[in-house]
Amino acid sequence: MQNQQSNSIRTVVATGIGAAVIFVLMKFVAIPTGIPNTQVNVSIGFLALLGAVFGPVAAGLAVFIGHALNDFVTYGSPWWTWVIVDGLIGVAFGLAKNRLKIANGALSTAKLVWFNVYQIIVNFIGWVLLAPTGDIIIYHEPANKVYVQGVTTWIIDSISVAIIGTILLVLYSRTRTQRGSLKKER
């Protein structure tokens, strides 16, 4: 019971701090791409770390809240199709936690390659399939416009995770003690 309560407190704290960091990164470290309403999103690199360390609930909620707040402050109201897709991508990144086992400190090249193939597929499903289709169905946006935005976001977010996310994962794993690396002195 104590461990379960400790984990839920940890998840709530990670969600709040994660949402704040994501909001700040989306609001103040967004680099325009030239495609309307599409920018280089460095927060998704941080999201990869958040998901790998805290799991799907914290990552999904943090990016959902952070993205919704950013849209509200920047545009006056959230663009819900993209906010929801971002939340689903956060959940998917969090589902990689058990495969990466970053808390154990051993993050192999094979795990990093697997994660980057995984995140490219997740980003493709989210940004090329779900978000533009949602925009067409819900907001009646022109298909050519939203699919260009979606493909651009997929490519840029995949690169952002591959560079920023990989660097953060490697740096974080180096701060963890590898399981079985400590020996009792006699």
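Analyst: What follows sets values against definitions, one label at a time. This is a predicted model, where local features need pLDDT of at least 70, side-chain atom pairs count only at pLDDT 80 or more, and totals for chains, interfaces and linings use all residues. Residues are numbered from 1 along each chain as its sequence is written, and side-chain values use heavy atoms, with hydrogens and water left out.

User: What makes the largest nonpolar core a core, and which residues have the most contacts inside it?

Analyst: A nonpolar core is a set of buried Ala, Val, Leu, Ile, Met, Phe, Trp, Tyr and Cys residues joined through side-chain atoms within 4.5 Å. Buried means under 20% relative accessible area, exposed over 50%, and partly exposed in between (1.4 Å probe, protein chains only). The largest such set here has 30 residues. Ile22, Leu47, Ile89, Phe93, Ile102, Phe115 and Leu169 have the most contacts inside it.

User: Which helix gives the most to this core?

Analyst: H2 does, with 8 residues. Helices here are DSSP runs of H or I, at least four residues long, and strands are runs of E, at least two, all numbered from the N terminus.

User: How do you know that H2 and H3 are roughly antiparallel?

Analyst: Their angle is about 150°, with the axes 7 Å apart. Axes are lines fitted to C-alpha atoms, for helices over the stretch in contact, and angles run from 0 to 180 degrees between N-to-C directions. Under 35 degrees counts as roughly parallel, over 145 as roughly antiparallel, 65 to 115 as roughly perpendicular, and the rest as oblique. H2 and H3 are therefore roughly antiparallel.

User: What makes up their contact?

Analyst: Contact means heavy atoms within 4.5 Å. H2 brings Leu47, Leu50, Gly51 and Phe54, and H3 brings Pro56, Ala58, Ala59, Ala62 and Val63.

User: Why are H3 and H4 given the label they have?

Analyst: H3 and H4 pack at about 155°, with axes 7 Å apart. That makes H3 roughly antiparallel to H4.

User: Why is Asn37 called exposed?

Analyst: Asn37 counts as exposed because its relative accessibility is 52%. Asn37 lies in the loop between strand S1 (30-32) and strand S2 (39-41). Asn37 has a positive phi of about 60°, although it is not a glycine.

User: And what makes His140 exposed?

Analyst: His140 has a relative accessible area of 66%, so it is exposed. His140 sits in the loop between H6 and H7. The phi of His140 is positive, about 55°, though His140 is not a glycine.
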